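Biologist: Could you show me how to read a few features of a model?

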Amino acid sequence: MLNLITNQQMRMADAYTCENLKIPSVDLMEKAAIAFVKAFISYCNPEREVYIIVGKGNNGGDGLAIARLLHQTGFKNIKVYILEKFNSESNDFVINYERLKQTEVPILHCTALNDLPPTFDVAIDAILGSGFNRELDLFFTSIFKHINTNSNFIVSVDVPSGCNVDSFNYNSYNGIRAQLTISFQRPKFFFTLPESQMVTEDFEVVDIGLSQEYIQSITSEYLWVDKEAAKSLLPRRKKFTHKGTYGHVLVCAGSPHMRGASLLCAKAVLKTGAGLITLLTNSDFFPFVNVLAPELMTKNINQFKDINLEKFSSIAIGPGLGTDEKAKELVHYFLRQNTPLVLDADALNVLQLEDFPKNPHESLIITPHVNEFDRLFGQHESWYERLQTAKKSAEKLKIIIVLKNQYTYICTPNGKVFINSTGNPAMAQGGMGDALTGCIAALLARGLNPQEAAILGCFIHGYTGDKLAQHYEVVSPSLLIDNLPKSLLDISKVE
Ligand SMILES: NC(=O)C1=CN([C@@H]2O[C@H](COP(=O)(O)OP(=O)(O)OC[C@H]3O[C@@H](n4cnc5c(N)ncnc54)[C@H](OP(=O)(O)O)[C@@H]3O)[C@@H](O)[C@H]2O)[C@H](O)CC1
Ligand SMILES: [K+]
């Protein structure tokens, strides 16, 4: 897991790297510029007109180095504009200014708004970075407004200028609004919140060689789940194992109007590799289950109290369950048993906060989307506030809360928030959450602890969606479910 760190901590990592790894800061700037350019060229054709607008701190220094490197790479239509309203120049800015002057790249100076061109095709924003430290004056706000309004494509260096990624009040934001931000070393936590869309529509992170050891030694409440972390959680299938080794999942889902949800959930359990799956449903549905998913076993939902739960390693309950009295009774019943449990969708809709057991067994996971979350925990004005509630509630209720988002937050009873790095808008279709519930329940059955199962379940689900989105504009839950085994294999093979 990668620690996500604050602006201040990133600046400390910068200083630590220069001092202890003996990398001069101007070399670090060069590495940052190389990494930026490598990422940037996959978004931008070298024939396009690229305007690089720079400040005079190190963010500006990055911009100057980027201009030189883009020129070397074959970008012919580059112009650099230096904003002249800075009190001082950083050393590495000056070094890179001298270096850029040795090239043919035109360097222009801007002391007023009308020194800038009326429109920009591609604008690289290297005006202010992590050193942004006070209210913007009229010079900066009018320049930012001009760039925001008159550019086809804005790419920010490290952070959009004027954005403080550690403060989450964006009601009066007047900085750069980028389409893309290429950030250094670690994702900014702020960019995982939907409210960051007004600041940058997308982001990419590039490695600039800061000390990983130092960054990982910083205590952080936010942890980024990448492919390597996912691999470390996936248990290897060993010789002499059998279906009993991989656990037995009970899926309790699907009212008469939403039988499909139960099948999607149970199939996701199957494709995430649980050993045995039993679907608890109405007996009139049994013949269809046998045909549509012959691997599944069935039990009659009307006789749920007769089930010997000791046989089951985990229970998934909720997708398409309905919200009638029977559904409520089922949910309350399973909530009070000791079997690891994933509660989703209607299982959450029939509950109130006070229904959660005071001392839940260790493996209770809930997977709400925003509406389910707010119904249970109260309305929230922003995702930042919502996440704080999720974090506190996971600690208080001693459960795992999987708060679904583009970057899903997995909040644990020990106050940590794991942020899932996978998933994409092609997956926005009914039934996707049912599949996620199945993934998590299967991993619980395969022996992962609840925190691990929630983290890996979210990762594998989003990862499969990401792979498919490279070939399909929309990824249906059925398509995703069919591809889960391939993703599991892929992840198991990460070097
Ligand atoms: N650690 C890394 O990841 C690396 C980061 N790099 C890049 O460096 C910047 C941070 O550079 P820094 O020089 O510390 O700061 P900035 O360039 O962002 O800004 C400093 C200048 O901006 C002036 N400033 C600040 N706020 C305002 C404002 N509201 N209005 C006007 N001017 C402002 C500030 O002025 P002072 O009077 O306060 O001095 C400075 O002149 C980071 O984001 C990366 O891009 C390295 O290149 C590689 C390692
Ligand atoms: K910037």
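Modeller: Gladly; we will look at an annotated site and then at a metal site. This is a predicted model, where local features need pLDDT of at least 70, side-chain atom pairs count only at pLDDT 80 or more, and totals for chains, interfaces and linings use all residues. Residues are numbered from 1 along each chain as its sequence is written, and side-chain values use heavy atoms, with hydrogens and water left out.

Biologist: Which residues does UniProt list for "binding site"?

Modeller: UniProt positions are given in the numbering used here, feature names are shortened, and annotations may be inferred rather than shown by experiment. The unreviewed entry lists Lys404, Asn405, Gln406, Tyr407, Thr408 and Gly433. They span 30 residues in sequence, yet no two of their C-alpha atoms are more than 14.0 Å apart, so they gather at one spot.

Biologist: Is Thr408 buried or exposed?

Modeller: Buried means under 20% relative accessible area, exposed over 50%, and partly exposed in between (1.4 Å probe, protein chains only). Thr408, at 8% relative accessibility, counts as buried.

Biologist: Which residues does Gly433 touch, not counting those up to four places away in sequence?

Modeller: Contact means heavy atoms within 4.5 Å. By that criterion, Gly433 touches Asp344 and Lys404.

Biologist: What coordinates the potassium ion (ligand 2)?

Modeller: Donors are N, O and S atoms within 2.8 Å of the metal (3.2 Å for Na, K and Ca); water is not among the atoms, so sites may look incomplete. Here the donors are Asn59 (OD1), Asp125 (O), Leu128 (O), Val157 (O), Val159 (O) and Ser161 (OG), at 2.6 to 3.1 Å. Of these residues, Val157 counts as buried at 0% relative accessibility, and Ser161 is buried with a relative accessible area of 0%.

Terms used:
Chains lettered and ligands numbered in written order.
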